[in-house]
Amino acid sequence: LIEWQPSRWLCGALVCLGCLAALSLWMSALPLTAKVPLAVLALGYGLHLARREGSRPPFSVRIATDEAGGVLVHAPGRPPLVAASIRVRGPLASVAVRGADGRLLRILWWPDTLSAGSRRALRLVSGNRAAETGPALATMSG
C-alpha cells in the first residue's frame, strides 16, 4: 500500500504563485481601477486553490501486476484500473490510469508525501531500473 496525502509543498507553491500574480499585476501598467480588483482576484484564487488542494482526503493505493505483466491500480471506491503509466522522476512520482469511462486519472506524489521506500517500490513496478542505478559511465581507451 502506498499512502497519498495532500502536499504542503504544493499548497505553499500555490499560495506563492497567487502572491506573485498579484504582485505582477500591481507592478503592471494597468490603470489603478483594474490593478486592484485583478490583484485581489489573483491572490484570492491562489488561496482558493491551495485550500482546495489541502482539503483533499488522504487515501491508499495498492499497485500490483497481473499475469500478463500489466500494472493494476486499486484505489478506494473504484474497481481495479489498468495503469497507463507509472513515472518516477527524481523525487516526484505519478501514476496515470484510465477509468472504465475513458477518463484519465492522475495521482501525483510530491517529495514531502512519498517515502524513499515507496518511491523505490513504484520504480520497481514500473520496470524503470535505469533511474535506480543512475547513468552508465563511459571510459576512454587510448
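These legends describe close-up views of one predicted model.

Local features need pLDDT of at least 70, side-chain atom pairs count only at pLDDT 80 or more, and totals for chains, interfaces and linings use all residues. Residues are numbered from 1 along each chain as its sequence is written, and side-chain values use heavy atoms, with hydrogens and water left out.

**View 1. Overall layout of the chain.** The chain holds 4 helices and 6 strands. These are DSSP runs numbered from the N terminus: helices are H or I with at least four residues, strands are E with at least two. From the N terminus, the order is β-α-α-β-β-β-β-β-α-α. Of the 142 residues, 28% are buried. Buried means under 20% relative accessible area, exposed over 50%, and partly exposed in between (1.4 Å probe, protein chains only). The accessible surface is about 9,600 Å², and carbon and sulfur atoms account for 62% of that surface. Areas come from the Shrake-Rupley method with a 1.4 Å probe; for residues, only the protein chains shown count as cover. Among contacts (heavy atoms within 4.5 Å) between residues at least 6 apart in sequence, 46% join residues at least 24 apart.

View 2. Helix α1 covers residues 8-27, 20 residues in total. Its first and last C-alpha atoms lie 28 Å apart, close to the 28 Å expected at 1.5 Å a residue. The expected span is 1.5 Å times one less than the number of residues. L10, C11, L14, G18 and A22 are the buried residues of α1. They line one face of the helix, because they fall within an arc of 120° seen down the axis. The arc is taken from the directions from the helix axis to the C-beta atoms. R8, L20 and M27 are exposed on the other side of α1. The cover over the buried residues of α1 includes α2 (32-54). At the start of α1, a side-chain oxygen of S7 comes to within 3.2 Å of the backbone nitrogen of W9.

View 3. C19 sits in α1. Its relative accessibility is 39%, so C19 counts as partly exposed. C19 and V40 are 21 residues apart along the chain, with 9.4 Å between their C-alpha atoms. A50 belongs to α2 and is buried, at 8% relative accessible area. Beyond neighbours within four places in sequence, A50 contacts C11, L14 and V15. A50 and C16 are 34 residues apart in sequence, and their C-alpha atoms are 9.7 Å apart.

**View 4. The largest nonpolar core.** A nonpolar core is a set of buried Ala, Val, Leu, Ile, Met, Phe, Trp, Tyr and Cys residues joined through side-chain atoms within 4.5 Å. The largest has 16 residues, and I63, V95, W109 and L122 touch the most other members. At least two residues of this core come from each of β1 (2-4), β2 (59-65), β3 (71-74), β4 (81-89), β5 (92-98) and β6 (104-109). Not counting residues up to four places away in sequence, I63 touches I2, V71, L72, V73, I86, V95, L122 and V125. Another core, of 5 residues, lies apart from this one; L10, L14, L49 and A50 are among its members.

**View 5. Helix α3 and the residue after it.** Helix α3 spans residues 116-126, and S118, R119, L122 and R123 are buried there. These residues cover an arc of only 140° around the axis, so they are on the same side of α3. Just after α3, G127 has a positive phi of about 80°.

How values were computed:
Polar contact = N/O pair within 3.5 Å; in protein donor to acceptor, adjacent residues only side chain to side chain.
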